[in-house]
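Student: I would like to go through the terms used for this structure. Please set each value against its definition.

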Amino acid sequence: MSVIEVDRLTKYYGKSRGIVDVSFSEEEGEIFGFIGPNGAGKSTTIRLLLSLIHPSSGRARIFGKDVFAHGPEIRRDIGYLPSEVHYYEGMKVADLLKYSASFYDRDCTQRIRELSETMELEMNRRISDLSYGNKKKVGIVQGLLHSPKLLFLDEPTAGLDPLMQRRFFELIRRENARGVTVFFSSHILGEVQRLCNRVGIIREGSLVEVSDIRTLQQNNYKKVRVTADGLNAASFDLPGVTDVQTENGTVYFLFKGDINSVLQRMNGVRVADVTIEEPTLEEIFMHYYE
Amino acid sequence: MSANIFRHEWRARQRSVIVWSLAVAAVIFIFLSFFSGFADQAGLINEMMARFPPEMRAAFGLNDMDLTTVLGYYSFVFLFVQLCLAIQAGNYGFGLVSIEESELTADFLLSKPVSRGQVLTSKLLAALTALVVTGLVLSVSSLVSISLFRNGRDYDAQTLLLLLLSTVIFQLFFLGVGLLVSLLVRRVRSVTPYSLGLGFGAYILIAFSGLFGDVKLELITPFKHLDAARIVHQGAFDTPLVLINVAVTVVCVAVSYWLYIRRDIPAVS
């Protein structure tokens, strides 16, 4: 069952572009990575799905219901961790979490205790006294305390130290194992690679690729490096070859297609060295941005 | 309406309500404590008033006032109280939803399972409660001060009640207009300049109404709609003007709902 279905969703802020014709869907139990640089439209997409902002055109459904018509009902089962966390400065952590829990018709006391222990959150401090990383922890507990079925994480790890990041990822994996669907927006590819099953790559407001992360790495692109006399960039002027660079007689490029066509070019040439490997997500990603 | 939002809003406003209530109560108490002095020298005071330039009398709403009667004097003090109440209500109106946005807590609130309508209703009711509490403190302070300082002079209790009731209608106007303006401008960075501007602006319209000649600008200001001197003089509201006031308030609040439900909550930038 699709938890999120987005259909040609478009948002303009006046004349400036938010996102254009974004369509994708996320299945129940998935961890979907949403990657792109700052300003590509990641937060805009999430804010639309939470109906914090309204679309210029297009539709979006969560749990099979239109997000703009059934917002309050849908949000009962959504947890949201924004990229920038801001809470009522004068409140204590415990009071804020209690206020947050009061919006849900279930008892969250036990969950709050567990989560704040996991994240080592001090409950008696004032929000205004917290460092950015600690506010982020409040955000994490706040986003999870009502056991949501769908989690929106908007660049969640910024401000967390590596230890806490790891704990956070464990937490997300555990939630996911219980069946929680996760929508994970980030520009840090390493963490997307570690956590996600599928990724969508967004660029200048448009979704340029939605793909299984394995497929993206294994079947789509190979990173090829060849050192051989008599071979230069022009030798690999083939369909499917991109990003050709030459350095010290070594040719580097990305290749998508039947690898035999590349091998044929090397046939009969004395090759000094050759490697063909899967590119990192980062390289795939950069490829989309050039 | 969500009880938890109401509670949260009320708590956030508690201190402000106490401060405004005490300020208003103090103005009433201190001014009224001078009443017996005024009343004893009735002839002298009224003669002095008559010598003021008419523009100045108008500015302080002294034209219809007889400072030697309890309610005449009270209505003079009441003008300053109204100014305070206007600024307080303006503060609440301008800040009602804009503070969540400027302090970036709107994302937290609006990603909860509540509708925008529920949010606005809860916030409006909390603000209304705050205004009513201020009104109650004002009423108690007025009754106590009058009974302490009236110096044996009689007054019409019904007219006083009318004046005290008028404060709620009066404040709702500033609450509604403030809310609407805050939704029309792109971003309210600080609430106070807006509420001071609205409060004093409305006051100046009536204070200097004479200066605008035949243009009836004062018809748009609540200081005119609920002119204390007039209410005391007539012993009744000026119904058409009060209706204008209420109509403006209702329209502002209705349009505010319409705008807020369709509003794009600005992201952190």
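Tutor: What follows takes the terms in turn, beginning with the numbering and the kind of model.

Tutor: Residues are numbered from 1 along each chain as its sequence is written, and chains are lettered from A and ligands numbered from 1 in the order in which they are written. This is a predicted model, in which local features need pLDDT of at least 70 and side-chain atom pairs count only at pLDDT 80 or more, while totals for chains, interfaces and linings use all residues.

Student: How many helices and strands does chain A have?

Tutor: Chain A has 10 helices and 14 strands. The C-alpha atoms of chain A fill a box of roughly 75 × 40 × 35 Å along the principal axes.

Student: Into which domains is chain A divided?

Tutor: Domain 1 covers 2-216 and domain 2 covers 221-289; such bounds come from an automatic or database domain assignment. The centres of the two domains of chain A, taken over C-alpha atoms, are 38 Å apart.

Student: Why is A:Arg47 called buried?

Tutor: A residue is buried if 20 or more other C-beta atoms, placed from the backbone, lie within 10 Å of its own, exposed if 12 or fewer, and partly exposed in between. A:Arg47 has 25 C-beta neighbours inside 10 Å and therefore counts as buried. A:Arg47 lies in helix H1 (residues 42-49) of chain A. Buried residues make up 39% of the 290 residues in chain A.

Student: What does A:Arg47 touch, leaving out residues up to four places away in sequence?

Tutor: A:Arg47 touches A:Leu52, A:Ile53 and B:Ala267. Two residues are in contact if their C-beta atoms, placed from the backbone, lie within 7 Å. The C-alpha atoms of A:Arg47 and A:Asp154, 107 residues apart along the chain, are separated by 9.9 Å.

Student: Is A:Phe63 buried or exposed?

Tutor: A:Phe63 has 20 C-beta neighbours inside 10 Å, so A:Phe63 counts as buried. This residue is in the loop between strand S4 (57-62) and strand S5 (65-66) of chain A. A:Phe63 has a positive phi of about 50 degrees although it is not a glycine.

Student: What makes A:Glu204 partly exposed?

Tutor: A:Glu204 counts as partly exposed because 14 C-beta neighbours lie inside 10 Å. A:Glu204 is placed in the loop between strand S9 (198-203) and strand S10 (206-212) of chain A. Phi of A:Glu204 is also positive, near 45 degrees, in a residue other than glycine.

Student: Why is B:Leu148 partly exposed, and why is B:Leu180 buried?

Tutor: B:Leu148 has 13 other C-beta atoms within 10 Å and is therefore partly exposed. B:Leu180 has 21 C-beta neighbours inside 10 Å, so B:Leu180 is buried. B:Leu148 is in helix H7 (residues 116-149) of chain B, and B:Leu180 is in helix H8 (residues 157-184) of chain B. Not counting residues up to four places away in sequence, B:Leu180 touches B:Cys252, B:Val255 and B:Ser256.

Student: How do you know that H1(B) and H5(B) are roughly antiparallel?

Tutor: Helix H1 (3-33) of chain B packs with helix H5 (residues 70-102) of chain B at an angle of about 170 degrees, their axes 10 Å apart. Axes are lines fitted to C-alpha atoms, for helices over the stretch in contact, and angles run from 0 to 180 degrees between N-to-C directions. Angles under 35 degrees count as roughly parallel, over 145 as roughly antiparallel, 65 to 115 as roughly perpendicular and the rest as oblique. H1(B) and H5(B) are therefore roughly antiparallel to each other.

Student: Which classes of residue make the contact of H1(B) with H5(B)?

Tutor: This contact has 12 nonpolar, one polar and no charged residues. Ala, Val, Leu, Ile, Met, Phe, Trp, Tyr, Cys and Pro count as nonpolar, Asp, Glu, Lys and Arg as charged, and the others, Gly among them, as polar. Those in the contact include B:Trp20 and B:Phe31 of H1(B) and B:Phe80 and B:Gln88 of H5(B).

Student: How many residues are in the largest nonpolar core?

Tutor: The largest nonpolar core has 127 residues. A nonpolar core is a set of buried Ala, Val, Leu, Ile, Met, Phe, Trp, Tyr and Cys residues joined through C-beta atoms within 7 Å. A:Phe184 is one of the members that touch the most others.

Terms used:
Helices (H or I, at least four residues) and strands (E, at least two) are DSSP runs, numbered from the N terminus.
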